Amino acid sequence: MPVKDLHAHPFDEGTITKLEIFENYAKEWLPTFIMSYPNKDLWMFDFFAGTGKDQNGVAGTPIRLLQQVKSQAGNIFNQKCKINICLNELDENKFNSMQICCDEFVHSNNELLRLYDKYLFLHYRNGDFAELFPKTLDTIKENPSLLFLDQNGMKFLADKYIMNLESLPHTDFLYFLSSSYVLRFGNTPEFQTNLRLDMEKIKENPYKYVHKNILEQLKNKLPNDSDLKLYPFTIKKGANIYGIIFGAKHPLAVDKFLKTAWNKNNINGEANFDIDEDNKKCQLTIFGEKPLTKIEGFQQRLRELILNGDIKTNREAYDYTISQGHIDKHAAEEISKMKKEGLIDFEGRTPLVNYEQTYKNKRIITFQVIKK
Ligand SMILES: C[S@@+](CC[C@H](N)C(=O)[O-])C[C@H]1O[C@@H](n2cnc3c(N)ncnc32)[C@H](O)[C@@H]1O
């Protein structure tokens, strides 16, 4: 299968979107874990690290991780956390460039130099992910870990990898895949033996939804009682569709990812373009009714669930919100509006539909329905 070599060209806009999402998530992840796990080892794995930067010197994933460690240097010293970064690249030339690039970066940043070998450990690997991953599983299981799987193509989406990730307790992962390849090669025996997907079902929907549809099928493969939550972010690059799959078990991790994704696109929080044509819906009227945008549709469903008593508390509303791929702000706006309209009542001024109040402070309030 022909795979474009990213590093032979400057990073394109789609690649930059991917890198920014990876980096922005690391920016949220690091301080949360540093503050939650003093004196502990934290691990970040960049399994497909590339060369470190592109032709024009634009930072790739390894340098972006180091930049985030640098910005947390004060907290790392205070909390005495050991930050371990495993940087793996299969191609020997790229591996050498990446190692030089990262070493230079560490040596030209005083904050990193001060951390180096005491609170910052770089573990370079020049291997095949297929061999390295099983060897690292114990470390991943034993320590809070963030995994970047920035593969070309889709090879490492095979069932066995997804099931391994499913079994990990404190692990968040960002998985990149070329969804267009899945569409093109998914029916070949090579892929069907490793990754069984219903290609006909995927093809029933418009091409732009291919990444989202792959993710729906992956969700169906998870055990019924799995706590793992998966979310898509579709990236269109020219005629091709790529995407990120984010996975985590902890609601705080999901909260952070969803905020990262909605920051990138405040229309849908799930693509680098207007995937559901919400901008058009703002102008359209069908038989006197305006079609609902993604946010409006969610808010209407939430309203109905509260009014018919299926959602009774701020915690239930928050769980529903993140399960639907929305952020707390969308829910809080609607619930406040319902109170103003005299439909519901609750204690206090704001509905407290956020992670802080529901999970951290365990402040649970009940919504009383006044009028339906
Ligand atoms: C999409 S690029 C990664 C880009 C990189 N994260 C960056 O930010 O520049 C994928 C990389 O994975 C490497 N690669 C391909 N197969 C691999 C394997 N089986 N194990 C590890 N690395 C592999 C490729 O050489 C390529 O550099």
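Reader: How do strands β2 and β3 pair, in the parallel or the antiparallel sense?
Author: Two strands pair if DSSP finds at least two bridges between them. Here, strand β2 (residues 82–88) and β3 pair in the parallel sense, over six bridges. Isoleucine 83 stands opposite leucine 120 in β3. Strands (E, at least two residues) and helices (H or I, at least four) are DSSP runs, numbered from the N terminus. This is a predicted model: local features need pLDDT of at least 70, side-chain atom pairs count only at pLDDT 80 or more, and totals for chains, interfaces and linings use all residues. Residues are numbered from 1 along each chain as its sequence is written, and side-chain values use heavy atoms, leaving out hydrogens and water.

Reader: Which residues of β3 are on the covered face?
Author: In a regular strand, side chains alternate between the two faces of the sheet. In β3 (residues 120–125), Leu120, Leu122 and Tyr124 form the covered face. Phe121, His123 and Arg125 form the uncovered one.

Reader: How many salt bridges are in the whole structure?
Author: A salt bridge is a side-chain nitrogen of Lys or Arg within 4 Å of a carboxyl oxygen of Asp or Glu. A search of the whole structure finds 22. One of them joins glutamate 356 and lysine 360 (3.8 Å, N to O). Both lie in helix α17 (residues 355–360), four residues apart, about one turn of the helix.

Reader: Is lysine 360 buried or exposed?
Author: Buried means under 20% relative accessible area, exposed over 50%, partly exposed in between (1.4 Å probe, protein chains only). Lysine 360 has 55%, so it is exposed. Glutamate 356 has 42%, so it is partly exposed.
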